[in-house]
Amino acid sequence: MTHPRRALALAGGGPLGAIYEIGALIALGEALDGLNLTACDLYVGVSSGSFIAAGLVNGITAPEMHAMFIESDAADDPFEPGLLLRPAFGEYAGRLAAVPQLLASAARQYLQDPRSHGFFESFGRLARALPTGLFDNAGITNYLTRLFLTPPRTNDFRMLPHKLFLVATDLDTGAAVAFGSPGWDHVPIARAVAASAALPGLFPPVEVGRRLYVDGVLTKTLHASLALGAGAKLVLCVNPLVPFDAREAARHGHVKHPSIGGSGLPAIMSQTLRTLIHSRMQAGMGRYRTEYPDADVVLFEPERGDVEMFFTNAFSYAARRRLCEHAYQNTRADLRRRLAELRPVLTRHGITVNEEVLADTRRTLLPRGKARRRSAGNLGQTAGDLGATLDRLEGLVATRDGPRLAEQGARRRAR
């Protein structure tokens with residue numbers, strides 16, 4: 001039986017988003033019979049989602065990614081989060097070398113006509129010496145190049161068994177570019193991933209063909225329209241980033257969290273970015289229904305009161321495990337909650353929901369020892385409402401000492 005074309009669209013979200021997507025994809029792969037996540041017809045990746053999409057189309061399963069990125073001590077070629085935090089010394093040196101010339105030029109302009117060119121106007125050009133990114137993305141590119149050149153994988157879009165689009169933004173025009181599309185499929189996949197994930201301020205722009213590219217999320221959140229325009233009739237989307245709603249979190253039983261304004265600049269910037277991209281994504285989803293009425297677009301994402309997703313430190317090893325488990329259980333709960341809505345949609349595309357798998361409360365991504373401790377003790381707080389507690393609690397808080405430490409942990413995260 002030939003099924004309509006299926007696609008997978010993965011949004012961005014930095015390391016935290018990639019971890020969430022791995023957990024969500026494992027849950028989808030287990031529960032959706034008739035769906036092979038490494039054999040979709042089309043893949044679209046944006047920002048950190050490009051990292052995951054490029055792995056899937058290369059035959060790396062979500063559980064294998066879990067071993068590589070989460071349980072990295074058990075992987076043959078683990079990904080170390082430290083690769084994301086290597087200072088961009090080359091960028092620093094290049095910018096520093098330009099300071100004497102910029103300083104001389106600014107002083108000359110100011111001294112020639114101080115009335116027309118004020119001090120701050122003249123010396124404002126020194127801002128050009130600021131680095132364009134704090135961290136070096138060369139380590140990411142090198143790791144992915146090595147990973148994709150290991151047979152039977154490929155670093156060449158044209159050699160892939162299925163279509164892959166990785167979206168970046170042209171820095172000089174603000175236009176979205178889909179690497180992997182005609183005219184852009186000669187770019188190595190690893191370099192396209194680095195370009196798509198080059199979040200301004202954190203990573204320097206990536207040069208491709210004498211042009212500079214930055215994070216694809218600046219233009220759109222999901223870019224699912226690429227898959228729809230290429231003929232996909234079912235697009236499964238995973239978006240890890242949603243705006244945080246502290247009031248909703250409190251209603252769902254979490255320890256009361258302080259306002260985001262009191263949590264510092266990083267939290268404010270995170271909330272701002274999440275709000276912007278989520279609003280834009282919702283507008284896009286509405287257009288998809290109008291422009292592609294014969295296609296189905298199914299979205300999976302966290303709830304807005306998700307404390308775990310907003311305040312987790314993605315560079316903590318223990319936090320990586322906990323967040324991936326959280327995404328896994330959250331997606332399983334989402335499938336159970338939306339079963340009546342999703343069943344007919346997925347059936348149209350030859351996919352069935354395995355309710356036996358969803359009902360199995362023993363399923364977890366945590367190591368066996370941690371899973372046993374979790375099952376034996378009090379599981380603590382949940383990220384959902386009281387009615388969904390038994391569905392969603394499994395694995396969200398892995399603690400050995402019962403509710404007292406669970407509550408203390410939540411309070412520490414709140415601080």
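**Close-up views of a predicted model**

**View 1. A cis peptide bond sits at P151 and P152.** P152 is in the loop between α7 (138–148) and β4 (163–170); helices (H or I, at least four residues) and strands (E, at least two) are DSSP runs, numbered from the N terminus. The bond running from P151 to P152 has omega near 5°. This is a predicted model, where local features need pLDDT of at least 70, side-chain atom pairs count only at pLDDT 80 or more, and totals for chains, interfaces and linings use all residues. Residues are numbered from 1 along each chain as its sequence is written, and side-chain values use heavy atoms, with hydrogens and water left out.

**View 2. Here are S47 and R210, two non-glycine residues with positive phi.** S47, in the loop between β3 (42–46) and α2, has a phi of about 55°. S47 is buried, at a relative accessible area of 6% (buried is under 20% relative accessible area, exposed over 50%, partly exposed in between, with a 1.4 Å probe and protein chains only). R210 has phi near 70° and sits in the loop between β6 (206–208) and β7 (211–215). R210 is exposed, with a relative accessible area of 81%.

**View 3. This one looks into the largest nonpolar core, which has 100 residues.** Such a core is a set of buried Ala, Val, Leu, Ile, Met, Phe, Trp, Tyr and Cys residues joined through side-chain atoms within 4.5 Å. L25, L164 and F179 touch the most other members. Helix α1 (residues 14–31) gives the largest share, 11 residues. Leaving aside residues up to four places away in sequence, F179 has contacts (heavy atoms within 4.5 Å) that include F157, L164, W184 and Y213.

**View 4. The largest pocket has a volume of about 1400 Å³.** On a 1 Å grid over the protein atoms alone, a pocket is an open set of points with protein on both sides within 12 Å along at least five of seven lines, and lining residues have an atom within 4 Å of a point. Grid points are joined across faces, edges and corners, and a volume is the space filled by probe spheres set on the points. Of the 48 lining residues, G13, G14, P15, L16 and L202 lie nearest the centre. Helix α11 (265–291) supplies the largest share of the lining, 10 residues. By class, the lining has 34 nonpolar, 11 polar and 3 charged residues (Ala, Val, Leu, Ile, Met, Phe, Trp, Tyr, Cys and Pro count as nonpolar, Asp, Glu, Lys and Arg as charged, and the others, Gly among them, as polar).

How values were computed
1 Å grid on protein atoms, 1.4 Å probe; cavity = no way out; pocket = protein on both sides within 12 Å on 5 of 7 lines; lining within 4 Å.
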